[in-house]
Amino acid sequence: MPRRVQIQAPPKYDDVPDPEPEEPVRFKSSNSNVSDDQEPFMGVKVRRKASLHRDYKGDYLDVPSHDFLMKILHKHGDDEVLFADRVLKFTGSGKMKRCVLMITDRAIYVVDPEVDVLKRRIALALVERVCLSELSDNFFAVTIPSEFDMLMASARKTEIVTVLVESTKSKSASGFELDVVFSNRFEYNAASDLVKEVQFEEVEGGVKTRFLRK
């Protein structure tokens, strides 16, 4: 059964030092034992040692130094970047593509860095939940019921989910709080007319991931 948890607010970005260099996107499991007081996801998700004490920086791309990214934000009336980094996005056909993910206090932006094109802007008000497995992997799915979902992978998924939860909460006048759902098997809308199921299984030396078309 899927499990839902609440996560703690992130530290203020101005008050923390730069984090360690970004680790490559891997799908290895961790053999570390994590205590409850070290676990932002309250023991639900297995964490890697490298991610347990990482400081949150927020903008890992120095967005103000990239004119094109700033033009995108200004065009939509955004000027507060809460998170920015390169991540892997899964296309409807199941291929992985590198993209830039930016999160502001109003929306999620997905940018193709190869051609400097904004591929998608999603208002935070449209996001319903975030799905993750209970294992040590980098996957997370963002559910947008009125459109289609996003399945991504990032070594900084903990920070991404935390920022999404806190941003959504701060913008909700009705007290809505974004669900964080943990399950080793969940469905997502890979496209407007395509539903897929992703399954996670812990195997020796890592995590095995399967994608099934529904």
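Hi everyone, and a quick word on ground rules. Residues are counted from 1 along each chain as its sequence is written, and side-chain values use heavy atoms, with hydrogens and water left out. Since the model is predicted, local features need pLDDT of at least 70 and side-chain atom pairs count only at pLDDT 80 or more, while totals for chains, interfaces and linings use all residues.

So how confident is the predictor? pLDDT is its confidence in each residue, from 0 to 100. The chain averages 79, and 72% of the residues score at least 70. Contact here means heavy atoms within 4.5 Å.

Now the overall picture. The chain has three helices and 12 strands; these are DSSP runs numbered from the N terminus, with helices being H or I of at least four residues and strands being E of at least two. Of its 214 residues, 47% count as buried. Buried means under 20% relative accessible area, exposed means over 50%, and partly exposed is in between (1.4 Å probe, protein chains only). Among contacts with a separation of 6 or more, 56% join residues 24 or more positions apart.

Let's look for empty space. Rolling a probe the size of a water molecule over the atoms shows where such space is left. On a 1 Å grid over the protein atoms alone, a cavity is a set of points where a 1.4 Å probe fits but cannot get out; a pocket is an open set with protein on both sides within 12 Å along at least five of seven lines; and lining residues have an atom within 4 Å of a point. Grid points are joined across faces, edges and corners, and a volume is the space filled by probe spheres set on the points.

How many cavities of 30 Å³ or more does the search find? The answer is one, and the largest cavity holds about 30 Å³. Its lining includes Leu 101, Phe 140, Met 152 and Leu 164. β3, β7 (139-143), β8 and α3 (157-171) each give two or more residues to that lining. The lining has nine nonpolar residues, no polar and no charged. For this count, Ala, Val, Leu, Ile, Met, Phe, Trp, Tyr, Cys and Pro are nonpolar, Asp, Glu, Lys and Arg are charged, and the others, Gly among them, are polar.

The second largest pocket has a volume of about 240 Å³. It is lined by 19 residues, and Lys 89, Phe 90, Thr 91, Arg 120 and Phe 148 lie nearest its centre. This lining divides into 10 nonpolar, two polar and seven charged residues.

Let's stay with Arg 120, in strand β5. Is Arg 120 buried or exposed? Arg 120 counts as buried, because its relative accessible area is 10%. Beyond four places in sequence, Arg 120 touches several residues, including Val 110, Glu 147, Phe 148 and Asp 149. Val 110 is 10 residues away in sequence, with 5.1 Å between the C-alpha atoms.

Finally, two aspartates. Asp 62, in the loop between α1 (49-52) and α2 (67-75), has a positive phi of about 55° although it is not a glycine. Asp 116 sits in the loop between β4 and β5, and its phi is also positive, near 55°. Asp 62 is partly exposed at 44% relative accessible area, and Asp 116 is partly exposed at 42%.

How values were computed:
pLDDT is the predictor's confidence in each residue, from 0 to 100.
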